[in-house]
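Please look over the sequence and the structure shown here. A short report on them comes after.

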Amino acid sequence: MRTDTNENSQPYVIIVEDDERLAELTAEYLRGNGLKVEIIGDGNLAISAIIDRQPDMVVLDLMLPGADGLEVCKSVRDKYKKPILMLTARTDDVDQVLGLEMGADDYVAKPVKPRVLLARIRALLRRSDSSDAQQEKNTSESTQNRLEFGDLVIDNSAREVWLGGAAVDLTSAEYDLLWLLASNAGSILSREEIFERLRGIQYDGQDRSIDVRVSRIRPKVGDDPMNPRRIKTVRSKGYLFVRDLT
């Protein structure tokens with residue numbers, strides 16, 4: 001377990017990877033591009049380190065000794081709200097979906113070029129910083145930043161959601177997507193627009209993260225996954241959040 005000694009103002013990233021050579025090469029590249037990096041090679045050690053140290057971001061390999069990447073993600077998600085970028089096998093679509101379902105914010109297929117990984121990390125850090133800044137702004141402002149759709153309430157100042165008076169448990173990425181759709185209720189948002197607005201990168205036409213998150217959000221907000229009425233899929237166009245269900 002190693003960390004550099006750069007200034008605290010640098011974004012702090014934990015890489016969870018048991019391939020020591022790969023981890024060191026990746027860390028060296030990221031450090032050379034302004035990030036503070038710690039390497040952890042065991043899943044069980046990573047769980048406690050992530051919760052205790054609260055890094056700005058985690059880069060998490062799937063195959064690890066101890067707890068695997070999915071278990072690490074599941075174990076820390078309710079105590080760690082910053083981005084988790086999961087590294088998955090190129091052809092294993094199931095692992096990508098499972099990673100998102102466990103609360104990962106993004107995934108990259110291995111092998112990945114260092115500059116591509118850096119771009120994804122920076123995009124997630126920007127999104128996280130933007131969310132934090134917006135939350136601080138909303139908290140300090142007197143104007144209400146709250147949407148209500150019947151018994152569904154979305155409070156952006158607190159980043160909380162209630163359904164019928166009960167709190168809804170959403171990951172940070174799920175909340176961001178729900179707020180984007182709900183704040184544009186009545187308008188169709190394309191996958192391309194959603195992708196670029198939430199992740200800061202262009203949609204490649206193959207990424208399934210938006211679809212997976214919508215499928216997870218629907219039952220949490222009282223929508224029928226088999227016959228959705230609140231968040232509709234508009235064929236060949238995107239997603240529509242329905243303002244009035246009556």
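The report takes up confidence, then a sheet, then a pair of helices.

## Model and confidence

This is a predicted model, in which local features need pLDDT of at least 70 and side-chain atom pairs count only at pLDDT 80 or more, while totals for chains, interfaces and linings use all residues. Residues are numbered from 1 along each chain as its sequence is written, and side-chain values use heavy atoms, without hydrogens and water.

The average pLDDT (the predictor's confidence in each residue, from 0 to 100) of the chain is 85, and 87% of the residues score at least 70. Over residues 137–143 pLDDT stays under 50. For that stretch the model has four contacts (heavy atoms within 4.5 Å) beyond four places in sequence.

## The sheet

Strands (E, at least two residues) and helices (H or I, at least four) are DSSP runs, numbered from the N terminus. An open sheet is formed by four strands in the order S7-S8-S9-S10, with antiparallel pairing; strands pair if DSSP finds at least two bridges between them. S7 (146–149) and S10 (166–167) are the edge strands, each pairing on one side only.

S9 (residues 160–163) and S10 are joined by two bridges. Trp-162 stands opposite Ala-167 in S10.

## The helices

H6 (residues 172–183) packs with H8 (residues 209–220) at an angle of about 85°, their axes 10 Å apart. Axes are lines fitted to C-alpha atoms, for helices over the stretch in contact, and angles run from 0 to 180 degrees between N-to-C directions. H6 and H8 are therefore roughly perpendicular to each other (65 to 115 degrees).

Key: Angles under 35 degrees count as roughly parallel, over 145 as roughly antiparallel, 65 to 115 as roughly perpendicular and the rest as oblique.
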